[in-house]
Amino acid sequence: FFFGNVVDFVVIIMSEAVTSVPEESEERSDTNRNTDSSKRSRDVPEDAEEDGSPPCKKLAEDNAEKSASSSEDEDTAKGKSKNKKHMVTLSSGRAVNVKKVRNHVNPLTALYNRPVALPKELQEGGTWNDIYLDPSKPLVLDIGCAKGHYCLEGAKKWPELNWLGLEIREPLVIRGNEWAQSSSLRNLRYINGNASAGMADLLTAFPKGVLKRVCIQCPDPCFKTKHQKRKMVTPRLVMELRDHMPQGSILYVQSDVEMVAQQMADDFSAIGGFTRTDRNEYGELIDATGGVDESRPPHGNKAKSKGHAYCDAKIGTGTWPNMGVAAAPDGTYPWLPRNPYQFQSEREASVLSRGEPMFRMLFVRSGAAAVAKATGSEGAGAGAKE
């Protein structure tokens, strides 16, 4: 009797265990289905059912957005790469983007208000042979050369001349020298300095007699009266050029602002030692015929440049020392009818493309006798370097 009851008890327990297994499996299966469903719901955007779009379409749209974002990142990387091309390293070690250099700086600040230093090769005991392949060639000095395109193109067009660009903004000087090096131009050099603070040391260091042309093109107008003290063409600069330019060398000044050109012409006429001329150093008469056709945009089909017309702009108070010295008896200034070298600066080309005028004048460095007569130092020597 006891044995039979035990057997019945075991059978009952086993049957209950067997019937309970499917229920547990079914619960586990339901749990797995719920989990898979939740995973799928996370993969599908929340608004997929709300707007009626199929999940596959929404996933495609998301992939398109990710692709667009990736494309933007690539464009940003390309932009950074382009900016890197315009980066230069200053003497202080700081990296600067030349595209972001200001058009004008204050030459009276401590950073700029110091005389022009000699090229580093000369400071280190070298000679002009370390700078130019042939330093005996005639030298063209462009004071305030800005971005340096005028000297760069001039060096390519006239390899028989040496070209020297002087610019107050160091980043532009560094980039210019990089251009010269990459183009293997051994007749081109740029140096950093403030001409209005003095450049006698540089002018004295030139090989004797090589300086044949000095250009001053479109200097900062300094429109405001309080800014007139920042002018590049100061009495000091005028006298230094007179004292160091060889006899027969040419001074070429121009501006798109007539009052600025008048100031420069008056200052050089009043100081003595310079005589206005209609011929360049090659003896070519600068008349209204020949040369670049300035009635149409220069450089072929170059489009009209954007900008403002400053030809009639007032400078300071509208008066200045030596005013009218270079003018004709009727008060007008005898501007050159065209460019004397058939070769335009970047600013000049921009102005001409808008159909606006340039105001130009040529001077020849006259002899020491003229300087002595103008300064009242006859018999004592004028100190001019002939």
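**Cysteines, a buried glutamate and a pocket**

I begin with one cysteine: Cys145 is buried, with a relative accessible area of 7%. Please keep in mind throughout that this is a predicted model.

How many disulfides does a search of the whole structure find? The search returns 0. A disulfide requires two cysteine sulfur atoms within 2.5 Å. For Cys145, the closest cysteine sulfur is that of Cys151, at 5.3 Å, so the two are too far apart for a bond. Cys215 also has Cys151 as the residue with the closest cysteine sulfur, here at 7.6 Å, and this again is too far for a bond. Cys215 is itself buried, with a relative accessible area of 0%.

Let me now turn to the chain as a whole. The protein chain contains 10 helices and 9 strands. Of its 386 residues, 40% are buried. Among contacts with a separation of 6 or more, 78% are between residues 24 or more positions apart. The accessible surface of the chain is about 21800 Å², and carbon and sulfur atoms account for 53% of that surface.

Glu240 belongs to helix H7, which covers residues 235–244. Is Glu240 buried or exposed? Glu240 is buried, with a relative accessible area of 10%. What lies 2.9 Å from a polar atom of its side chain? The answer is the backbone nitrogen of Met199. Leaving aside residues up to four places away in sequence, Glu240 touches Gly198, Met199, Ala200 and Leu203.

I close with the second largest pocket. The volume of this pocket is about 930 Å³. Its lining consists of 33 residues, and those nearest the centre are Ser91, Glu170, Val173, Ile174 and Asn192. Which elements each supply at least two residues of the lining? They are helix H3 (120–123), helix H5 (170–182) and strand E5 (188–192). The largest share, 5 residues, comes from H5.

Thank you for your attention; I am glad to take questions.

Technical notes:
Residues numbered from 1 in each chain as written. Predicted model: local features only at pLDDT ≥ 70, side-chain atom pairs only at ≥ 80, totals over all residues. Heavy atoms only, no water. Buried < 20%, exposed > 50% of the residue type's maximum accessible area, 1.4 Å probe, protein only. Helix = DSSP H or I, 4+ residues; strand = E, 2+ residues; numbered from the N terminus. Contact = heavy atoms within 4.5 Å. Areas by Shrake-Rupley, 256 points an atom, 1.4 Å probe, with all protein chains shown as cover. Polar contact = N/O pair within 3.5 Å; in protein donor to acceptor, adjacent residues only side chain to side chain. 1 Å grid on protein atoms, 1.4 Å probe; cavity = no way out; pocket = protein on both sides within 12 Å on 5 of 7 lines; lining within 4 Å. Points joined across faces, edges and corners; volume = space filled by probe spheres on them.
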